[in-house]
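Here is a short briefing for a reader meeting this structure for the first time. Please keep the sequence and the 3D view at hand.

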Amino acid sequence: MERIKELKELLVLLRTKQYTKLRQYLAELNDADIAALMEEMEEEDMLKIFRILPKDLAADVFSYLDVDNQHMIITSLSDKEAANIINNLMSDDAVDLLEEMPANVVKKLLANASPDTRRDINHLLRYPEDSAGSIMTVEYVDLKENLTVDQAIERIRKVGLDSETIDICYVLDAQRRLVGTVALRYLLLSDGDEIIGDIMHENVISVNTLMDQEEVAKQFKKYDFTAMPVVDNENRLVGIITVDDIVDIMEEETTEDMEKMAAIVPSDKPYMKTTVWETYKKRIPWLLLLMVSATFTGAIITSFEDALSVYAVLTAFIPMLMDTGGNAGGQASVTVIRGLSLGEIEYRDVPRVLWKEVRVAICCGISLAAANFLKLMLFDRVGFLVAMVVSVTIIAAVLMAMLIGCLLPVGAKRLGFDPAVMASPFITTIVDALSLLVYFQVATMILGI
């Protein structure tokens, strides 16, 4: 309701041409809130609002807009206006923008960007995608270790406004190697003539430029940092990564894992921005693979037609057995995949994981079998032997499902694949086939068919 009210006020000021009041009103709002309000507007109104924003504020708001609106705005601006945007964006945001834009737009932006901006962008673009170097920013405060506190504060005043953050300053030696960090609060509380090298924190946690962004996110979680320095192979400081980028990475990685676990080829577009054809192409490969693999289930049923003709009642329990096994395998796989993603489970932990899953499977299997046996005897009123066949199969199916559910993700991780690929749909297909094989084998042994 509050957003609707703000949106109406903005549009009233815009359409009555009260531009001074409109500018003042916008200046009181948060950058992200302005972007959210703009995305509720028609394109024409959005462009008018954007042109009214001060240059610095416009760049900040621009970084919060979605890719389609960024593209629309950039292509609508003059070369000079576009240059103002790209020059005022943080380098990592500028790189993100260029990676999403068509080649002709990128060429236009780089041609009008300042030399310093072009240098920073080209510097970041040379790193592999999804690496620490590709997501870092080069706007940070660095201090020489021989500076005094007063000199350091004076430097922060000069470069701090254009830096991503000034909470932590990074201390370098003469070769630009990272030797320490110093928090702004310590500078403010220290005597002006103290030397930075004497008060800096020397035990620096940093990441390498080639480290995968998912591993970087784990480092942030481990150390509870809001910013982390990025160094090259010679420990020279080349940039920093801030926690706002990590939040985006975690969302991106989580979404990708969820899509893989649902047997969907990952997409980097929001759902509402994805066309029917694009969605179809993301889903159909796995659906085809799972459909073909599911034919094994049909083949198993066909091979036991004679047994089913003698005990037709066995057919009624096939869906329940398959679903139970699939659900058990899905639970195990999701738990293990989660543990692998968080670094809680390593390959050396496989024996412990297996032993734990075996015990859990036996407990769950016996409980499910007992409940099912009572149901079959009291309500369905099937024969004792049939109830035994179904109940024994449940125990075996749950045990197999949980073992497969924990082994496949670990095996995938060991082979260098994303363990999320080995999730519910894939495991369910395997477990369904194995459950049927066990079912008919148990039926043959107990019923003598």
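The model is predicted. A search of the whole structure turns up 5 aromatic pairs. One of them joins tryptophan 277 and tyrosine 280, whose ring centres are 5.1 Å apart with planes at 25 degrees; the pair is therefore stacked.

**The stacked pair**
- The cut-off explains the label: planes under 30 degrees apart count as stacked.
- Tryptophan 277 and tyrosine 280 both belong to helix α17, which covers residues 276–303.
- They are 3 residues apart, so about one helical turn separates them.
- Tryptophan 277 is exposed, at 54% relative accessible area.
- Tyrosine 280 is partly exposed, at 42%.

**An edge-to-face pair**
- Phenylalanine 373 and phenylalanine 384 have ring centres 5.7 Å apart and planes at 85 degrees, so this pair is edge-to-face.
- Phenylalanine 373 sits in helix α20 (residues 350–380), while phenylalanine 384 sits in helix α21 (residues 384–414).
- The pair therefore ties together parts that are 11 residues apart in sequence.
- Phenylalanine 384 is partly exposed, with 49% relative accessibility.

**Charges over rings**
- Arginine 414 places its charged end over the ring of tyrosine 347, 4.0 Å from the ring centre.
- Arginine 185 lies over the face of tyrosine 186, and here the distance to the ring centre is 5.3 Å.

**The second largest pocket**
- The volume of the second largest pocket is about 610 Å³.
- Its lining is made of 23 residues.
- Nearest the pocket centre are Asn87, Met90, Glu139, Asp162 and Ser163.
- Five elements are listed as giving two or more residues to this lining: α5 (55–62), α7 (79–88), α8 (91–100), α10 (115–125) and α12 (149–159).
- The most comes from α10, with 5 residues.
- By type, the lining holds 8 nonpolar, 6 polar and 9 charged residues.

- Helix α9 spans residues 103–112, and its buried residues are Val105, Val106, Leu109 and Leu110.
- Viewed down the axis of α9, these buried residues fall within an arc of 125 degrees, so they line one face of the helix.
- The face turned away from that buried side carries the exposed residues Ala103, Asn104, Lys107 and Ala111.

Definitions and conventions: Residues are numbered from 1 along each chain as its sequence is written. This is a predicted model: local features need pLDDT of at least 70, side-chain atom pairs count only at pLDDT 80 or more; totals for chains, interfaces and linings use all residues. Side-chain values use heavy atoms; hydrogens and water are left out. Rings of Phe, Tyr and Trp (its six-membered ring) pair if their centres lie within 6.5 Å; planes under 30 degrees apart count as stacked, over 60 as edge-to-face and the rest as tilted. Helices (H or I, at least four residues) and strands (E, at least two) are DSSP runs, numbered from the N terminus. Buried means under 20% relative accessible area, exposed over 50%, partly exposed in between (1.4 Å probe, protein chains only). A charge sits over a ring if NZ of Lys or CZ of Arg is within 6 Å of the ring centre and within 35 degrees of the ring normal. On a 1 Å grid over the protein atoms alone, a cavity is a set of points where a 1.4 Å probe fits but cannot get out, and a pocket is an open set with protein on both sides within 12 Å along at least five of seven lines; lining residues have an atom within 4 Å of a point. Grid points are joined across faces, edges and corners, and a volume is the space filled by probe spheres set on the points. Ala, Val, Leu, Ile, Met, Phe, Trp, Tyr, Cys and Pro count as nonpolar, Asp, Glu, Lys and Arg as charged, and the others, Gly among them, as polar. The arc is that of the directions from the helix axis to the C-beta atoms.
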